[in-house]
Amino acid sequence: MNNALVLPVLIPLLTAIVLTFFRNSFVLQRALSFLATASSAGIGVHLLLRVQSEGILRLDFGGWEPPYGILFVGDSFALLLVTAAATVTNIILLYAFSTIGEAYEKMYVYPLILFLLAGVNGSFLTGDIFNLFVCFEVMLLASYALLILGGRKVQLVEAFTYITINVLASWFFLLAIAYLYGATGTLNMAQLAVRVTENGQGPVLTVISLIFLLVFSLKAGLLLYFWLPGSYSAPPAAIAALFGALLTKVGIYALIRIFTLVFHHSPEITQTIIGIMAALTLIGGSIGALSSTDIRQIIAYNVVIAVGFILVGLAAGNEVALQGSIYYVLHDMVVKAMLFLAGGLMISLTGKAKIEEISGLLRNYPALGWLFFVAMLSLTGIPPFSGFIGKVLLGEGLIEAETYVLLTLAFVSSLFVLYSLLRIFLNCFMGEAIIGSEEQVVLKKRTLLPIVILGALTLAIGIGADWLAPFVNDAAATLVDPQSYIDAVLDKEALLRN
């Protein structure tokens, strides 16, 4: 049975609802939220293995067969991201348990995190565009609450911009859905792919595709990222890590899914525009990372650079480039969480956020310093860490597509990533120590443990790239030739096989 497809959404959703009744039971909240995210990750692995042996999985809600009902579709691409999202959230929760504080725990921080994860996983699994909108909104509503939790002035200021932009994007999303339904008569992604192929992607559908491109670019931070650095640096480190690891990835997933499955018939328009936007994102993110002196802002601008880097693979459009993008998405979810947690820990230990105000932390906290160094190496693409294989494959794909300008910008941006993070390491960890032994705050092992786990994970992804390869290759093959996805959704024989 394919009922397990709903569990990565249902488990965190039901757990979040239950936890709202136990506001003051901190131990119960921590235990249940940890179990819910761990279970979601385990189910994601189980479903990934099933896809390898049985093919793409499909779940029709209420027995309504496509294209009339709501459905979840589990292919390798969606389930890789479901597994990664649940795993990273589980590790971030470990950090939150020792740092977030009782004041936040009383304000339903764990239920909100679980609601956000449910929305993220639902976005990855849904098989129709309207329910993609619904899952986006679940995720965004939870992120609004998490961003303002605590009520500090900087959070409220950044929340105003963040909420305004996302409400506007959601309005455009609904507008695009309405026009798309009017033009095709369906919102099922697989049937959309069939009808657009049969009727051709004329001027009307191309304009509709550009509206979707605008919406998903706002969600992902592709070119339209002006809201991102402030929003991702305002909340506590655990919440910022959750945002940096997950939120932009949902927009990236939607862009890749829609523009490889439905709107892939006018690549000279859509892929060219995506390529230009990715190039400008790489340039703008690099300038922001180099010009900032705030640790959180530098890390946030590195999120922007990663969005551009991942989506050059979509602009190239070939299988090798998409393999690189998928590897890099998985890597970035882990390493961005690691960076945000390490940066947040640096700020909490020193009480300062500017790189020129901190010095010599390596003498006080050597483990934290070397973990930050590992994250820097991984994000730069130094083997054997997880960023290496994604960058190599993206490079090969861009060469195959003969997009040499994007290739140059992508790899020059890697140098800017290295330099921006090296500034933090050299300024904050090297040099004369500014914290004396009597002023030094004790760094508890349980606080450092989640960063250690993420460091081990980025190494494991790099070393275990061959183990991941069948899943990533299958995901990229489905994106390049989506007929297997269409058959799994619309073909009754494929359904019986599953």
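Analyst: Begin with how the elements are assigned: helices, of at least four residues, and strands, of at least two, are DSSP runs. Keep in mind that this is a predicted model.

User: What are the helix and strand percentages over residues 128-416?

Analyst: Residues 128-416 are 82% helix and 0% strand, with the end C-alpha atoms 39 Å apart. An unreviewed UniProt entry places the feature "domain: NADH:quinone oxidoreductase/Mrp antiporter transmembrane" at this stretch.

User: How do I read the two faces of a strand? Which residues of strand E1 point one way and which the other?

Analyst: In a regular strand the side chains alternate between the two faces of the sheet. In E1 (residues 57-60), Leu57 and Leu59 point one way, while Arg58 and Asp60 point the other way; all are buried.

User: Which strand is joined to E1, and by how many bridges?

Analyst: The partner is strand E2 (residues 71-74); the two run antiparallel and four bridges join them. Leu57 stands opposite Gly74 of E2. E2 is covered on both faces, with Leu71 and Val73 buried on one side and Phe72 and Gly74 buried on the other.

User: At what angle do helices H16 and H19 pack?

Analyst: Helix H16 (residues 366-380) and helix H19 (residues 445-463) pack at about 30 degrees, and their axes are 10 Å apart. Their crossing is left-handed. H16 contributes Ala367, Leu368, Leu371, Val374 and Ser378 to the contact, and H19 contributes Leu448, Ile451, Val452 and Thr458. By class, the contact residues of H16 with H19 are seven nonpolar, two polar and no charged.

User: Now a single residue. Why does Leu311 count as buried?

Analyst: Buried means under 20% relative accessible area. Leu311 counts as buried because its relative accessibility is 0%. This residue lies in helix H13 (residues 295-316).

User: What is Leu311 in contact with, beyond its neighbours within four places in sequence?

Analyst: With those neighbours left aside, Leu311 is in contact with Leu222, Ile252, Leu255, Ile256, Ile274 and Ala278.

Methods
Residues are numbered from 1 along each chain as its sequence is written. This is a predicted model: local features need pLDDT of at least 70, side-chain atom pairs count only at pLDDT 80 or more; totals for chains, interfaces and linings use all residues. Side-chain values use heavy atoms; hydrogens and water are left out. Axes are lines fitted to C-alpha atoms, for helices over the stretch in contact, and angles run from 0 to 180 degrees between N-to-C directions. A crossing is left-handed if the near helix is turned anticlockwise from the far one by less than a right angle, and right-handed if clockwise. Contact means heavy atoms within 4.5 Å. Ala, Val, Leu, Ile, Met, Phe, Trp, Tyr, Cys and Pro count as nonpolar, Asp, Glu, Lys and Arg as charged, and the others, Gly among them, as polar. Buried means under 20% relative accessible area, exposed over 50%, partly exposed in between (1.4 Å probe, protein chains only). Two strands pair if DSSP finds at least two bridges between them. UniProt positions are given in the numbering used here, feature names are shortened, and annotations may be inferred rather than shown by experiment.
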